[in-house]
Amino acid sequence: MSEASSQQDQVASDSVGVVAPQCAEFDEPFTMENGATLPFFQLMYETYGRLNADRSNAVLICHALSGHHHAAGYHDADDRRTLGWWDNCIGPGKPIDTNDFYVVALNNMGGCHGSTGPTSNNPEINEPYGSDFPQVTVGDWVNSQARFADFLGIDSFAAIIGGSLGGMQAMQWAIDYPDRVRNALLIACAPNLSAQNIAFNEIARQAILKDRNFNEGRYLAAAAKPMDGLGTARMLGHVTYLSADGMDLKFGGDLKNDEASDYHDVVGEVTSYLQYNGEKFAGMFDANTYLLMTHALDKFDPARSFDNDLVSALKNATARFLVVSFSTDWRFAPERSLEIVDALISAGCDVSYADIESLSGHDSFLLEIPRYHRILTSYMKQIAESLVT
Amino acid sequence: MKQADDIIIDLVNPNARVLDLGCGDGDLLCRLRQTKSVTGYGVEIEHDRIEGCLARGVNVIEHDIDAGLERFPTNSFDIVIMNETLQAISEPRTLVREMLRIGEECIVTFPNFAYWQCRKQLFFGGRMPVSKHLPNEWYDTPNIHLCTIHDFDMMCASENVRVISRYVFNQNGRQTIATRMFRNVLGVTAFYRLGRAS
């Protein structure tokens, strides 16, 4: 047996295996909600599973703040670090079952993983856009994803699924394109950002803007990039994704036990953990994209165009909804999900809701929590069955 | 023989907007959707039952009924159903009030604690009744507010609740002339369709 095939064998049977990203190019100009126009754009994407004959089994995965198109499988079978960000949920026999569905994941416009964004070339000046890249909104993403769906030849998605900022895109889809989404799965989501959410985002942005290497966003050509600021922004964000109890568990920090040595161990562990995560993130993410994404989050509020009435905003939606929250999520707490659920009920929309017990805070939506995955499986199986008839 | 669900289905108007409190695995809502084209939601707290609802495409909201129903707006449903759950609720009287705030009407079903078999076990055996309908021992029963048909009638009267219709099943799942006459003795399960006082 050759080395390559033995490596291949190690890829689990419920994995989509080795996948290659693709690029969709759009030559028609794209006008954003703020009036800015991109003369053309491209979106990186991956697909898993097969599109069925009547093109009815497509599922769109919308990513959150720092996500991208590589949601499942490996880019390199030999390198486990190339695993997709939601691999535990997407694959044959997994909750989003690629035996049933044609799963599409993309990198959003404004991203930094190959889709047109601040690191792309601005054709007008033949230099990277940098901070000149127009401010995208969740609505812009949804409009660009609709163009992307046209490109793939998909009239309507069996489901659009997203956690956090991804869930907001799924909600916006259901409002803006009711005929093109049959199920919207909003996980660890919120109908808009609280003042506290915005405050955390603003601190993260200040860390980037005040980095000595930021240079008003024109750092791409320079040797030094605003790594410290981006790393600090990520550290702050990361803490808001965890829960207090979850962190105590992770760092073995029973701070009530006030033996000095234990205390210092916790300090050391927390420090090195945050440092590691901040640096790792800063090494692979773009600071301008981080600014764009957090601004898009801050501005998300589909009720705003409907007299601040979420019920009116959702009245046109015809999709069925599944809303899932996590008990220790304080970034988008269960109460925020319930606001969505109550508005959907008042709007007469089909909705189901589950609150999952978890110690892992907002990050739970990425984890393989048994009840969470059973809920997704039950819901997705029923969609798959409705496709067969 | 008619099942309890058949009676409830008969009591629900076509195309009604239904809220089913303690909806189990969604079987009743599923049948109501098929036979009466209703829309609506189930409310459930048990995890496996919630998954059961999702698997059959029934809308289900995870919620603890004992935590109150304030989140459901006044007059937001045509009918609110509470099937064999009332006796397990911490404040059944408040709940009936709430059901009639949220819904135009409500359907409540409960086991009759004055059924003669229950009386017999208590009278002759001197022990809390255990039966097919009340299968738990006193120490592990979820049924903390058992009542009789007579008790429930009294509550309806004192709460100024209008009894639109009432069915009482005997042990064979039938309503007979005898169960009509001696409902508090022969009735195993009671079905009430309630409305607000006119």
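The centres of domain 1 and domain 2 of chain A lie 25 Å apart, taken over C-alpha atoms. This is a predicted model. Chain A is split into these two domains: domain 1 covers 3-192 + 302-388, and domain 2 covers 198-294.

Strand β4 of chain A runs over residues 41-48. Is β4(A) mostly covered or mostly open? Seven of its eight residues are buried, which leaves the strand mostly covered. β4(A) has strand partners. One of them is strand β1 of chain A, residues 22-26. The two pair in the antiparallel sense, over five bridges. Follow one bridge from Ala24(A), and you reach Leu43(A) in β4(A). Another partner is strand β8 of chain A, residues 102-106. Four bridges join β8(A) to β4(A), and this pair also runs antiparallel. Here Tyr45(A) has Leu106(A) in β8(A) as its bridge partner.

Strand β13 of chain A, residues 320-326, is joined to β14(A) by six bridges. Do β13(A) and β14(A) run parallel or antiparallel? They run parallel. Phe321(A) stands opposite Val351(A) in β14(A). A helix belongs to this picture too: β13(A), α10(A) and β14(A) make a right-handed β-α-β unit. β14(A) is mostly covered, with five of its six residues buried.

Two of these elements lead us to chain B. The contact between the chains takes 17 residues from chain A and 16 residues from chain B. On the chain A side, the elements that give two or more residues are α10 (334-346), β14 (351-356) and α11 (370-388). Which of them gives the most? The answer is α11(A), with seven residues. By class, this side of chain A has seven nonpolar, four polar and six charged residues.

An α-helix has 3.6 residues a turn, so residues three or four places apart point the same way. Just after α2(B) comes Ser37(B), with a positive phi of about 50°.

Finish at Val80(B), in strand β4 of chain B, residues 77-83. Why does Val80(B) count as buried? Val80(B) is buried because 29 other C-beta atoms lie within 10 Å, and the cut-off is 20 or more. Which residues does Val80(B) touch, leaving aside its neighbours within four places in sequence? Its contacts are Leu19(B), Leu21(B), Met99(B), Ile102(B), Gly103(B) and Cys106(B). Compare sequence and space for one more pair: Val80(B) and Gly42(B) are 38 residues apart in sequence and 9.8 Å apart in space, C-alpha to C-alpha.

Notes: Residues numbered from 1 in each chain as written. Chains lettered and ligands numbered in written order. Predicted model: local features only at pLDDT ≥ 70, side-chain atom pairs only at ≥ 80, totals over all residues. Contact = placed C-beta atoms within 7 Å. Nonpolar A, V, L, I, M, F, W, Y, C, P; charged D, E, K, R; others polar. Domains from an automatic or database assignment. Buried ≥ 20, exposed ≤ 12 C-beta atoms within 10 Å, placed from the backbone. Pairing = 2+ DSSP bridges. Right-handed = clockwise from strand over helix to strand, strands pointing away.
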